[in-house]
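Subject: Structure handover

Hello,

Here is the structure for you to look over. My notes follow below it.

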Amino acid sequence: AAGGKGALRPAPAVPLAAVGGGRRGGMDLSELERDNTGRCRLSSPVPTACRDEPCVLGVDEAGRGPVLGPMVYAICYCPVSRLADLEALKVADSKTLSENERERLFAKMEEDQDFVGWVLDVLSPNLISTSMLGRVKYNLNSLSHDTAAGLIQYALDQGVNVTQVFVDTVGMPETYQARLQQRFPGIQVTVKAKADALYPVVSAASICAKVARDRAVKTWRFVESLQDVDADYGSGYPNDPKTKAWLRKHVEPVFGFPQFVRFSWSTAQTILEKEAEGVTWWV
C-alpha cells in the first residue's frame, strides 16, 4: 500500500547505473514492468559520431503534474553538425502532437541511431511521494533538477562529447541555469521556459519522455492484488473529473491507494482524509 511505514526512502541524487538498454525498434520497458516501485534508466546505444564530434543535448520531462503514474525525464543528443537532420524530422513539443505522431517520430529517431541518442529516467509514483513526504523533504523541483543533472552526467560518462545543453525549465530559469552551469563548467548551458517549443533537440527529448510515459501507464503492473481495476482513469491530472472518480473508487480504507497513485498530491490526500480510516500512532 502507498504511504505506509515501510515505504522506500528517497533515491540518492547521484547518477544511477543504467538498468536497461535501448534497442533498435523501440524502448525496452521490461525492467520497469518487473519493478515499478523505484526508478529505472533506459538508454539507446551511443552513436560513434556522438563520441567523435561536438554534440548538442536537450532535456525535458513528461508527467510532472499528474496524480497518477510515473514522471519520465529524457535527454536526446546529436552532433551539432547533424542538427539540421534532426530538425528535418519535424520534431515538435510533444504536447502539440497526437500519440500516433509521437510514436512515428520516435520510430524515426530510432531509425537514425547513427547520429541520434537518448536516455530516460523513469521515476515511479512511489518514489516521488516518498521523496516529498520523507523526514528529510526532497521536493519535486529538487528531484527534477537532480534527475536532469544526473542524465547529463550519464551522457558524459558514456563518452558523449556534449558541448551545448538546452533545458526546459523547472522553476526560475536563471537559478536553474546557474546551478547547471556551475556543475558543468565546460558546457554551454541554456535553460528557458518553453524550450521544448524553441529547440529541436529539446522537442526530441520531450517526445522520448512522453512516449515512455504513455507506454509505462498503458502497461502498468499493479503490485497490489486488486479486483477489477478500472483502466479508464482519464488524463491522470488532478483536475480531471474522471481521474478523481477513479481515485475515489480505488481508495482502500486501511491501506490507501495503489502505488500507481502519487499519494503526496493534495488531490489524493483529500480523498484519503474523506474516504480512509484515521490512524493513531502511539510513540
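Lining residues have an atom within 4 Å of a point. Grid points are joined across faces, edges and corners, and a volume is the space filled by probe spheres set on the points.

This is a predicted model, so local features need pLDDT of at least 70 and side-chain atom pairs count only at pLDDT 80 or more, while totals for chains, interfaces and linings use all residues. Residues are numbered from 1 along each chain as its sequence is written, and side-chain values use heavy atoms, with hydrogens and water left out.

Cavities

The count is 2 cavities of 30 Å³ or more. The second largest cavity has a volume of about 40 Å³. Its lining consists of L32, E33, N36, A216, T219, W220 and R221. By class, that lining has 3 nonpolar, 2 polar and 2 charged residues. For these classes, Ala, Val, Leu, Ile, Met, Phe, Trp, Tyr, Cys and Pro count as nonpolar, Asp, Glu, Lys and Arg as charged, and the others, Gly among them, as polar.

The annotated site and the second largest pocket

UniProt lists D60, E61 and D168 for "binding site", in an unreviewed entry. These three span 109 residues in sequence, yet no two of their C-alpha atoms are more than 8.2 Å apart, so they gather at one spot. D60, E61 and D168 are also in the lining of the second largest pocket. UniProt positions are given in the numbering used here, feature names are shortened, and annotations may be inferred rather than shown by experiment.

The second largest pocket holds about 600 Å³ of space. Its lining has 33 residues, and A62, G63, K210, R213 and Y237 lie nearest its centre. The elements that give two or more residues to this lining are β3, α4 (99-111) and α9 (200-218). α9 gives the most, with 6 residues. By class, the pocket lining divides into 11 nonpolar, 8 polar and 14 charged residues. Helices (H or I, at least four residues) and strands (E, at least two) are DSSP runs, numbered from the N terminus.

Strand β3

E61 lies in strand β3, residues 55-62. β3 is mostly covered, with 8 of its 8 residues buried. Buried means under 20% relative accessible area, exposed over 50%, and partly exposed in between (1.4 Å probe, protein chains only). C55, L57, V59 and E61 point one way from β3. V56, G58, D60 and A62 point the other way.

What does β3 pair with? It pairs with strand β4 (residues 71-79) in the antiparallel sense over 8 bridges. It also runs parallel to strand β6 (residues 162-168), joined by 5 bridges. Two strands pair if DSSP finds at least two bridges between them. The bridge partner of E61 in β4 is Y73. The bridge partner of L57 in β6 is V165. Leaving aside neighbours within four places in sequence, E61 is in contact (heavy atoms within 4.5 Å) with M71, V72, Y73 and A209.

Strand β2

Strand β2 (residues 39-43) is mostly covered too: 5 of its 5 residues are buried. R39, R41 and S43 point one way, and C40 and L42 the other. β2 and strand β5 (residues 117-123) pair in the antiparallel sense over 5 bridges. In β5, D121 is the bridge partner of R41.

P173 is in helix α7, residues 173-183. P173 and V191 are 18 residues apart in sequence, but 5.5 Å apart in space, C-alpha to C-alpha. Not counting residues up to four places away in sequence, P173 touches V191 and K192.

K90 is not a glycine, yet has a positive phi of about 65 degrees. K90 sits in the loop between α3 (83-88) and α4. At 64% relative accessibility, K90 counts as exposed.

K194 is another residue other than glycine with a positive phi, near 60 degrees. K194 is in the loop between β7 (188-192) and α8 (195-198). Its relative accessibility is 59%, so K194 counts as exposed.

Best regards

Notes
On a 1 Å grid over the protein atoms alone, a cavity is a set of points where a 1.4 Å probe fits but cannot get out, and a pocket is an open set with protein on both sides within 12 Å along at least five of seven lines; lining residues have an atom within 4 Å of a point.
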